[in-house]
Amino acid sequence: RNREYLFRILNYWTSRGVDGFRFDHSTDYNGGMGSNEWKYLLGKVNYYAEKRGQAHPVYLAEEFWDQQEMNKVVDVLTEGYVGDMAGRGGITKDTAHIEGVLENMNRFQGRAFTMTALETHDEPRLTNGTGLSPWTGAGFWGIGATTRSTPMIVMGQEIGASYGIGFKRSDFIHARFPNSGDGMLGSDALADYYKRMSTQRLDPSNRALLAPNHYYLRTTGGGIDSRIFAMVKWSDDLNVMFVFHNLWEQDVTNAYAIPGDLAGKIGLKDDVRYRFYDVISQKQMGDCKYGGDLRRGVYVGMNAGTRAQWLRL
């Protein structure tokens, strides 16, 4: 009865043009819906959508009990990323922690996307208990935007939420951090930064950001710099992006090696000259260099106010 009742609801709203649905606690034992019931239900919704000439809706599930089966049924899972990356409860959010969070998403083997957000409507605000500020939080959000995932800034607020964060005003960034150190000052720049990251992520010139291919860089000394998240992304047609994130508000410098196996994957040739273009700041970074020189060390330098460099090769 639950299943058929849900079908009537989903089919009705799909027929009215709704593009997607989010399912809370989708296989909670109190709800009576397992992964097989959801597979039948969503297949039925999709069938009638096709009969009307509509595209299939997008399905997102908040799933805590049966992720390894629900990832075969829905398009997106919330998957715990919010809590893992935001790191409430004293988790040290260094480079090793971030790499672990990102690799954990691979257990779905590409069958479903992970929602890469740092807050939802029922979570504490981004800065509560995380050690993040509005600006370092934006940088951490951007890490999720460089992965093959479904980024989300804020899921939404109940009607009547204070500070107009929800449906009452579209300009929510200005009211997002009312208790942070600078109040609402600087919110225009913060909104612009989120917009730049979102725009560049979807630019076809930076399509490597949407690809699953990735490689975590190590310093020329062979170690991990806990202050800098460093990753290379590439598409199958060899669009290549080097991603560097200054995790905390400090001046950071280091040099990163490009080992032979990575050079082969991204098509880097020793006798060809290359340049790096930062798609966030819209500036060329340094002079052109031969691939052989880059393999020995890619220099990275960011001041305390720079959250990230997304460098297109």
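Let me start with a cut-off: a residue counts as buried under 20% relative accessible area, as exposed over 50%, and as partly exposed in between. This is a predicted model.

By that scale Leu238 is partly exposed, because its relative accessible area is 44%. Leu238 sits in the loop between S7 and S8. Its phi is near 65 degrees, a positive value in a residue other than glycine. For background, most residues other than glycine have a negative phi.

His25 is another such case: not a glycine, yet with a positive phi of about 45 degrees. You will find His25 in the loop between strand S1 (20-23) and helix H2 (35-51). His25 has 35% relative accessibility, so it also counts as partly exposed.

Which residues have the most contacts inside the largest nonpolar core? They are Met85, Ile98, Leu102, Phe229 and Trp310, in a core of 30 residues. Two or more residues each come from helices H4 (81-86), H5 (95-104), H6 (134-145) and H7 (187-202), and from strands S7 (228-234), S8 (240-246) and S13 (308-312). H6 gives the most, with five residues.

Take Leu102 on its own. Leaving aside neighbours within four places in sequence, Leu102 is in contact with Tyr81, Met85, Ile143, Thr147, Tyr216 and Phe229.

There is also a second, separate core, of 22 residues. Among its members are Trp234, Phe242, Tyr256 and Val300. As a general remark, nonpolar side chains tend to be buried together in soluble globular proteins.

Definitions and conventions. Residues numbered from 1 in each chain as written. Predicted model: local features only at pLDDT ≥ 70, side-chain atom pairs only at ≥ 80, totals over all residues. Heavy atoms only, no water. Core = buried A, V, L, I, M, F, W, Y, C linked by side-chain atoms within 4.5 Å. Buried < 20%, exposed > 50% of the residue type's maximum accessible area, 1.4 Å probe, protein only. Helix = DSSP H or I, 4+ residues; strand = E, 2+ residues; numbered from the N terminus. Contact = heavy atoms within 4.5 Å.
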